[in-house]
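Me: I have a few questions about the labels used for this model. Please set each value against its cut-off.

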Amino acid sequence: MTNFTNFADLASFIAASRDNDDASRNYGAAFIEHSEMAKLSIVEAPEALDMPDPEQVRAAVDMMMQTMFDVLRDTRMEAYAADLVWGFANSFHVVAKRIEGREDDAAKALGELARHYDPSEIYATELEDTQLLCQTLQGCREAMECMRDHAAEVYRVETGKPFSPVKGSRVSSALSASMIDARDYLAGRARTRREQFAPDGPVVIFSGGQVWEDHDLLYKGLDRIKTRIPEMILATTAQAKGCDAIAHAWAAARGVKVIQFRLDRSQGNRAAFVRNDRLVNLKPVEAVICEGSGIQMNLAQKLRQAGVPLHVVNLAHQRTAKRA
């Protein structure tokens with residue numbers, strides 16, 4: 001038996017025994033040091049702080065998530081393991097969103113500085129410090145999001161369900177060199193965030209009722225669509241159980257981006273129909289509607305009127321499939 005005197009040695013051992021090239025690449029890309037110096041708040045001076053070792057962090061997240069499932073498995077507490085581990089993954093998400101809020105504030109301050117050029121040395125120092133703050137927070141957010149995504153994947157593998165947080169969406173010659181860097185940085189960041197929050201690709205709509213048992217039937221149908229449309233983005237009606245939940249699990253397993261259209265309660269009784277209109281306005285290339293309520297019937301009717309290729313899956317189809 002191997003004895004360890006510190007976590008770093010234990011983490012290195014675990015990372016080596018659970019070799020995962022994809023996870024290692026993700027952590028290696030996320031835990032990048034953009035600068036030798038780091039600045040974590042507007043009032044603190046820059047410091048020489050390193051990022052944590054990505055392999056040790058990967059091992060720590062893996063241990064935290066997997067151990068809770070392992071120790072509760074085959075006991076009367078097993079039913080609660082998923083809820084506990086969901087909470088772990090959600091804590092990474094909450095902290096990442098908090099960092100993102102500070103990053104956005106820093107980016108706004110950087111934008112204001114970039115728009116009001118001043119040739120003084122004080123201005124140049126403030127500009128560089130603000131850019132360093134923005135870069136440091138971006139790096140911390142990306143690292144936290146990497147940890148969240150790793151935790152979410154462990155949750156998905158163990159439960160068969162994708163992790164879904166409660167809130168939020170699992171991105172001139174007259175100027176000095178530092179001014180140009182600031183504008184380049186802001187432009188690059190804007191492109192990244194637009195892609196994260198407004199992904200570009202053909203949209204496939206999916207909606208269905210909250211009672212459904214035949215996962216395999218839906219998986220095979222969605223697989224056929226993805227074979228024809230590899231870059232598809234799935235837009236769903238975001239219900240937590242039934243057909244939509246199955247579609248979310250499929251998307252998580254296949255690495256497909258999902259846009260969740262939740263009900264806008266401010267619309268009152270019209271909320272579901274307003275949501276249907278918003279889905280159709282995405283100009284989808286294809287749609288799958290599983291038998292459910294009048295909401296699904298309304299959406300199917302609007303999709304037909306818009307000329308969208310439509311697959312309708314009835315409850316009887318799953319029963320026929322099971323008998324076969």
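Me: Why is Tyr 27 called buried?
Reply: First, the basis: this is a predicted model, where local features need pLDDT of at least 70, side-chain atom pairs count only at pLDDT 80 or more, and totals for chains, interfaces and linings use all residues. Numbering runs from 1 along each chain as its sequence is written, and side-chain values use heavy atoms, without hydrogens or water. Buried means under 20% relative accessible area, exposed over 50%, partly exposed in between (1.4 Å probe, protein chains only). Tyr 27 has 1%, so it is buried.

Me: How many aromatic pairs does a search of the whole structure find?
Reply: Two. Rings of Phe, Tyr and Trp (its six-membered ring) pair if their centres lie within 6.5 Å; planes under 30 degrees apart count as stacked, over 60 as edge-to-face and the rest as tilted.

Me: What makes the pair of Tyr 27 and Phe 31 stacked?
Reply: The ring centres are 5.6 Å apart and the planes stand at 25°, so the pair is stacked. Phe 31 has 9% relative accessibility, so it counts as buried.

Me: Why is the pair of Trp 86 and Phe 163 called tilted?
Reply: The centres are 6.0 Å apart, with 45° between the planes. That angle is neither stacked nor edge-to-face, so the pair is tilted. Trp 86 lies in helix α4 (residues 81-115) and Phe 163 in the loop between α5 and α6 (177-197), 77 residues apart.

Me: How do you know whether Phe 163 is buried or exposed?
Reply: Its relative accessibility is 3%, so Phe 163 counts as buried. Trp 86, at 24%, counts as partly exposed.

Note on methods: Helices (H or I, at least four residues) and strands (E, at least two) are DSSP runs, numbered from the N terminus.
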